Structure formats: C-alpha cells, structure tokens
2 protein chains.
Amino acid sequence: MTDEPTRRRPTLDEVAERAGVSRTAASRVLNNAPNVSRGKRDAVLRAIKELGYVRNPTARALATRQAGAVALIISGEDPAVLADPFYGQVIAGASTALEETDLHLVLCLATSARGQTRVEQLLQTRAVDGVMLMSLRGDDPLTCLALEAGVPAVFGGKPLHGQVPYYVDVDNVRGARQATDHLISLGRTRIATITGLLDTDVGLARRRGYQEALTLAGLPFRAEEAGDFTERSGMAAMEALLAHHPDLDAVFAANDNMAAGALRVLHRAGRTVPARTAVVGFDGLTVSEFTEPPLTTVHQPIRDIGREMTRMLLSLIAGEKPSPLILPTTLIRRESA
Amino acid sequence: MTDEPTRRRPTLDEVAERAGVSRTAASRVLNNAPNVSRGKRDAVLRAIKELGYVRNPTARALATRQAGAVALIISGEDPAVLADPFYGQVIAGASTALEETDLHLVLCLATSARGQTRVEQLLQTRAVDGVMLMSLRGDDPLTCLALEAGVPAVFGGKPLHGQVPYYVDVDNVRGARQATDHLISLGRTRIATITGLLDTDVGLARRRGYQEALTLAGLPFRAEEAGDFTERSGMAAMEALLAHHPDLDAVFAANDNMAAGALRVLHRAGRTVPARTAVVGFDGLTVSEFTEPPLTTVHQPIRDIGREMTRMLLSLIAGEKPSPLILPTTLIRRESA
DNA sequence: GTCCGAACTGGAAGCGCTTCCAGTCGACAC
DNA sequence: GTGTCGACTGGAAGCGCTTCCAGTTCGGAC
C-alpha cells in the first residue's frame with residue numbers, strides 16, 4: 001500500500017535537522033514541555049508535518065522506562081470463562097476509561113499453565129505499567145505474584161485469602177440479601193440457593209447474604225447446591241435441589257447464567273415460575289431479560305467495575321494511594337419472582 | 001513487597017560481566033543462538049540465575065524493531081458491542097493461539113471517536129506487529145487505514161467494500177440457507193427473516209442465504225425486518241413482522257441474540273413456538289440453549305475464528321502469504337424449529 | 001552601564017538490547 | 001609445516017527517544 005515496501009520512517013533527528021533545531025528541542029515540543037521558543041516550536045511542528053513524522057513508542061518507552069500499557073488479567077480454569085458476557089462488559093469499561101490516557105490495554109488469559117507462565121513473565125519483565133486482576137480463585141498464586149512483582153495492581157473482587165490493598169468490588173453480601181429478602185417478602189419460606197464457586201469471595205459472600213437473610217427472617221429452611229457460575233452447573237444444581245427438596249418454593253442463584261439454567265430445569269420439571277417456584281439471579285446480564293420468564297435479578301454495574309478498576313490503577317500509577325471501592329447493587333424486579 | 005522500593009534490575013551487561021563473557025555472548029545464550037561454547041553458555045545461565053536477571057522487553061523491542069504484540073481491534077457504534085458474548089469467544093480463541101508465541105494481545109475498542117484515533121495511532125506508530133480487525137461496518141475507514149498502514153492485517157469477516165487479501169470468515173450464505181432450508185423442510189411456507197445490519201457483509205450474506213433458499217424452494221412469501229444484532233432490535237423487528245405479516249409461520253433471525261428477542265415477543269403475543277411459529281437463530285451462543293424453547297440455530301465455530309485469525313496473522317508476520325479461510329457452519333436442531 | 005534571573009538551547013550521556021563484522025583458535029587434510 | 005574451514009568471540013555501532021546539565025541570551029531592575 002505504501003509506495004515503497006518499507007521506507008524507513010523519519011526519526012526525531014531528521015525532524016530536528018529539518019527544523020534547524022536540536023533534537024532536544026524537537027523532543028520538547030513533542031512532549032510539549034516548556035522552554036521552547038515560539039519560533040522553534042512552529043518550525044518543529046512544520047517539519048513534523050512535512051516529514052509525516054510519528055514518534056516511535058518503543059524508543060520512548062525505553063527512554064522513559066514506562067511501558068505505555070496496562071494489563072487486564074483474567075484467571076480461571078478454562079478460556080471458556082470469556083463466554084460469560086460479564087467479562088466483555090468489564091473489558092468495555094476498562095477500555096473506555098483508558099481512552100482518555102495514552103495507555104494500551106493488554107489482555108491476558110491466565111487459564112492454562114502456559115497462560116500463567118506468560119502472566120508471570122509479564123509481571124517480572126515489567127512489560128506493563130500496571131495490572132488489573134479478575135476472578136482469582138481461592139489460593140491463586142497470581143495474587144502473590146502480582147503483589148510481589150512490585151507492579152501497581154488492582155483486583156477486581158477481593159481475593160479470598162490475603163489482604164490486598166487495592167480492589168474494587170460490589171457489595172455481594174448485601175446484594176444476595178436483597179435477593180433473598182425479596183423472595184421472603186413474596187411469602188416464600190422454602191428458599192434454596194445455587195451458590196457460585198465456593199473458593200471465591202464472590203461465591204462465599206453471596207451465600208452468606210442468602211444465609212443472613214434467612215436467619216434474620218427466622219426461616220429454618222436451608223438448601224444449597226454448589227455451581228460454578230455456568231449455565232450447565234446451574235442446571236445440575238437445580239436438578240439436585242429438586243431431587244432433595246421437592247418442596248422448595250424459591251431459588252436464589254448466585255448469578256444469571258446459573259439462574260437461566262435453573263429456569264430450564266424447572267420448566268422441564270413442569271414447575272411454573274414464579275407461581276410454583278420463584279427464581280432470582282445475580283448480575284443483571286442481558287440474558288436475564290430474555291429468559292422465560294424474564295429474570296428478577298440483582299444488578300451490578302459491571303461496566304463501572306471495569307472503569308473504576310482502571311481509574312484506581314491509573315491513580316496508583318500516578319503515585320497516589322486510592323481507597324478500595326465497593327459498588328452498590330440494585331434489585332431488578334421482573335417476572336421470575 | 002520487594003525489600004527495596006525500586007532496586008534497579010540487573011542488565012545484560014552485568015550478567016555478562018559476572019559470567020566473564022562479552023555482552024554479545026550473553027545475548028546469544030538468551031536467544032539461544034549458535035556459536036556459544038558450552039562453557040560460556042553455562043556460565044551465563046548461572047549468572048542469570050544468580051542475578052535473577054530478566055530481559056527487558058522494551059529494549060529488545062527497540063533493538064529488534066518488533067513490538068512483541070498484536071492487536072485485536074473491535075469496531076462498532078458502542079462499547080456495548082462487547083456485551084455480545086460472541087467477542088469473548090473470539091478473544092479467547094485469539095488469546096489461546098497466542099500462548100504458543102511470545103506475543104501479547106492488545107485489545108482496542110474503536111467504538112468512539114477517541115477510540116478510532118487511538119487505533120490510527122497504533123497503526124501509524126507501529127506499536128504492534130500486526131492487527132486483527134473485527135465487525136467493520138460498510139465503509140469503515142479502518143479498513144483502509146489498516147491496509148495502508150503497511151502492518152500485517154487480517155480481517156474477521158470480509159469487509160463489505162473493497163477486497164482485502166487476508167481474512168477468515170464463515171460461510172454465512174450457506175449457513176443461512178441451512179437454516180431456511182430446515183424451516184422449509186418442516187413444511188413452513190411463510191418464512192420471515194430478521195436481518196442483521198445491512199451495511200455489513202454478515203448481515204447481507206445471511207439475508208442472501210435466506211432469499212436463495214426461498215427462491216430455490218419456489219416459495220413466494222417474503223418478509224424482512226432489519227435488526228442490528230441486539231436482542232432489543234430482535235424484539236422490535238419481530239413486533240413489526242407480526243404487525244405486517246400476522247400469517248407468518250416461521251422466522252429466521254440472523255443471530256441468536258435477535259432470535260432470543262423474537263422469542264420473547266412471540267411468547268407475549270401468545271404464539272406458541274414452534275407449533276405456531278418456528279424460529280431459527282445463528283451463532284450457537286450459549287444463550288441459545290437457555291431460551292424458551294431452546295433455539296434451533298446455525299452454529300459457527302467462534303473460538304476457531306479467533307484462533308485462525310491469529311494463526312493467519314502469525315503466518316503473515318512470518319512473511320508468508322496465507323490464503324483466506326472460510327469456516328463451516330452446522331445446524332443445531334433444538335426445540336424452536 | 002552593570003548585574004541578575006528567567007527563559008531558552010543543544011551536546012552528550014544514557015535507556016538495555018541485538019547484531020554486524022573483523023578476527024582468533026584448533027583441528028584436520030594435504 | 002602450511003592452508004583451509006568451521007566454530008567461536010567480543011568490540012562497536014546501532015535502535016530512536018528522553019533528559020541532565022552546562023551554557024547562552026536577553027529584558028529589566030538598579
């Protein structure tokens with residue numbers, strides 16, 4: 001497409017020469033630093049335009065010792081985690097927040113041994129100026145690695161073990177209580193739950209919220225079945241619940257995907273929703289609007305999570321000490337409960 | 001976490017000195033290049049270990065003139081496009097394919113003016129060794145920009161206008177015909193379609209498949225309503241179709257999201273699926289398994305798209321001239337048709 | 001007329017790595 | 001012995017940018 005295969009791109013030296021100034025001066029106008037006279041500045045600008053100069057980011061990175069990028073690291077068992085639209089939203093939020101800076105977003109899936117290794121390298125080589133980590137399992141080695149690498153790091157969701165200084169999370173306990181309270185207010189008394197992964201803070205916190213709500217309401221019935229946040233696991237869990245507790249009259253699923261799975265099982269079992277069995281999910285993903293019936297769910301501001309993580313990271317990179325952030329959840333009432 | 005705030009990391013020079021060899025030799029063992037005697041190699045390796053040396057990727061990038069990263073660029077009106085789980089899968093595929101290399105994945109959302117600008121810069125500054133572009137609209141300037149930047153570029157889905165040399169796509173026309181043929185084989189004769197964006201190749205191709213199938217079957221009925229691949233647009237389109245063609249007996253939606261929206265509208269309208277109105281989608285996303293009823297759909301291998309785009313890009317970067325790739329689709333028969 | 005500080009200027013030293021190239025060293029055939 | 005060849009070796013020249021610092025200019029206060 002270019003007229004010559006790979007014409008060497010002009011360097012700052014050439015710009016400087018053409019403008020009749022020193023490279024130093026040229027660099028200064030590039031970074032619009034002070035101490036350049038109007039005349040020289042204009043000359044440099046003109047030379048840049050005439051030459052079609054664009055600054056080489058790698059050279060800049062080497063000289064400034066800044067990578068010009070941050071990483072979003074997504075952990076998990078399987079690259080399939082990304083099938084969960086949740087992450088897309090986080091990514092969108094992060095990406096949008098980065099637009100205002102000149103940092104790039106590098107995405108890492110630490111879902112395989114090889115992926116893990118590469119993340120370690122990323123951390124050690126300081127190939128990025130900061131990292132955001134998401135969906136860490138209980139004792140994910142990444143937690144320590146990130147902390148020890150000395151790279152600014154913010155976590156999405158508190159890791160299970162270990163205190164991390166910087167994170168953004170949603171109030172999972174409260175959200176789960178909202179959900180369960182809603183079911184209670186509907187007069188349900190035999191409320192089961194499909195939990196998320198119990199080696200994650202999210203999974204545990206949402207279960208705790210469920211339990212607290214029942215306890216406060218003085219309801220003795222308990223029925224739990226563990227899932228892993230996927231639709232399939234939601235189905236399996238619902239089947240198990242139905243088998244062991246056919247008398248349940250409501251289900252709180254720890255996320256929308258599992259709730260969708262549960263809905264299908266209930267439907268197949270011929271149990272009407274919400275008449276016979278009410279269902280509440282968690283997340284507020286698009287999918288929850290299109291299940292049958294539409295899902296009552298606890299909405300969390302997913303895009304905001306991505307955005308706020310990014311902002312926190314930027315602030316960290318800028319040398320500040322931001323405070324952890326807990327975002328609110330809101331109950332969205334639809335037809336399933 | 002480190003014992004000292006920012007202890008300078010060892011450089012290759014220090015490694016070389018400690019190992020008693022030249023920096024050149026040290027570099028050679030790092031890149032396991034030939035012409036290093038066994039003894040020196042071992043000495044260097046030992047020094048690396050003792051010093052805890054890790055190579056500085058930026059310096060390497062500057063010297064080799066390779067960025068060590070490729071970009072996945074997602075175009076679109078709105079960062080919300082990422083809410084579509086489709087992209088998550090593509091990303092997962094790309095990410096997995098990259099694991100075998102030492103390239104990073106930088107993700108760019110060209111969904112705003114600012115985002116566009118940044119992509120342009122990315123291209124011009126050659127901040128990456130190659131790019132993959134997805135979901136370009138009709139006359140998206142990115143097509144030209146990418147081509148003209150002289151950076152290896154592969155497209156996900158043929159852009160509408162202009163020939164691009166490297167792309168991976170699925171056989172959308174054939175897929176849509178499979179879907180429509182299936183409806184025809186079920187005895188449906190009044191088959192409508194909810195199209196995707198008609199300024200994209202995907203949207204057009206799937207519509208063409210639908211039309212071809214009807215023509216070949218000698219069915220005169222035609223009913224189209226345009227959507228934009230979102231659930232919401234699927235609902236609107238379905239409502240319009242129902243208003244204008246209450247006698248339709250089947251619908252082919254150009255993707256699962258819109259099919260899910262259509263399903264809801266049909267349900268609300270009291271039309272049973274598939275008895276009264278059969279529905280077929282396209283994509284084979286997880287959501288299609290959890291609609292009510294589960295969606296018959298044309299599955300496309302989304303992860304593979306990401307993977308193959310990446311492989312094609314790698315091959316391009318390696319200086320080869322790969323051929324475009326068309327991936328097959330398969331009809332998944334579930335309950336909605 | 002002198003002096004002072006603020007505003008500029010550019011030479012030069014990096015940032016940390018790759019790689020060209022001129023050269024050394026032995027082994028081995030002749 | 002001599003010549004040849006292949007396997008090593010390391011000095012030095014970059015890659016393209018930032019930035020420290022020593023120095024120059026110049027207007028205005030005195």
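I began with burial: 54% of the 337 residues of chain A count as buried. I keep in mind that this is a predicted model.

**Chain A, overall.** I looked up the secondary structure next. Chain A has 12 helices and 12 strands. How does its radius of gyration stand against the globule rule? I read 26 Å for chain A, well over the 20 Å that the rule gives for 337 residues, so the chain is more spread out than a compact globule. I then checked the box around the C-alpha atoms of chain A. Along the principal axes, the box is roughly 85 × 40 × 35 Å. I also looked at sequence separation. Taking contacts in chain A between residues at least 6 apart in sequence, I find that 69% join residues at least 24 apart.

**Chain A against chain B.** I turned to the contact between the chains. Chain A puts in 51 residues, and chain B puts in 51 residues. Which of them gives the largest share? I noted H5(B), with nine residues. By class, I have 25 nonpolar, 17 polar and nine charged residues on this side of chain B.

**DNA strand D.** I moved on to the DNA. I find 26 residues around DNA strand D. The closest are A:Leu12, A:Ser27, A:Ala59, A:Ala63 and B:Ser22. The elements giving two or more residues here come from both chains: helix H2 (23-30) and helix H4 (57-64) of chain A, and helix H2 (23-30) and helix H4 (57-64) of chain B. H4(A) gives the most to this surface, with five residues. I sorted the surface near DNA strand D by class and got 11 nonpolar, 10 polar and five charged residues.

**DNA strand C.** DNA strand C is surrounded by 27 residues. Here the closest are A:Ser22, B:Leu12, B:Ser27, B:Ala59 and B:Ala63. Which elements give two or more residues to the surface near DNA strand C? I wrote down H2 and H4 of chain A, with H2 and H4 of chain B. The classes near DNA strand C come to 11 nonpolar, 10 polar and six charged residues.

Terms used. Residues numbered from 1 in each chain as written. Chains lettered and ligands numbered in written order. Predicted model: local features only at pLDDT ≥ 70, side-chain atom pairs only at ≥ 80, totals over all residues. Near = placed C-beta within 6 Å. Helix = DSSP H or I, 4+ residues; strand = E, 2+ residues; numbered from the N terminus. Nonpolar A, V, L, I, M, F, W, Y, C, P; charged D, E, K, R; others polar. Contact = placed C-beta atoms within 7 Å. Rg over C-alpha atoms; globule rule 2.2 N^0.38 Å. Buried ≥ 20, exposed ≤ 12 C-beta atoms within 10 Å, placed from the backbone.
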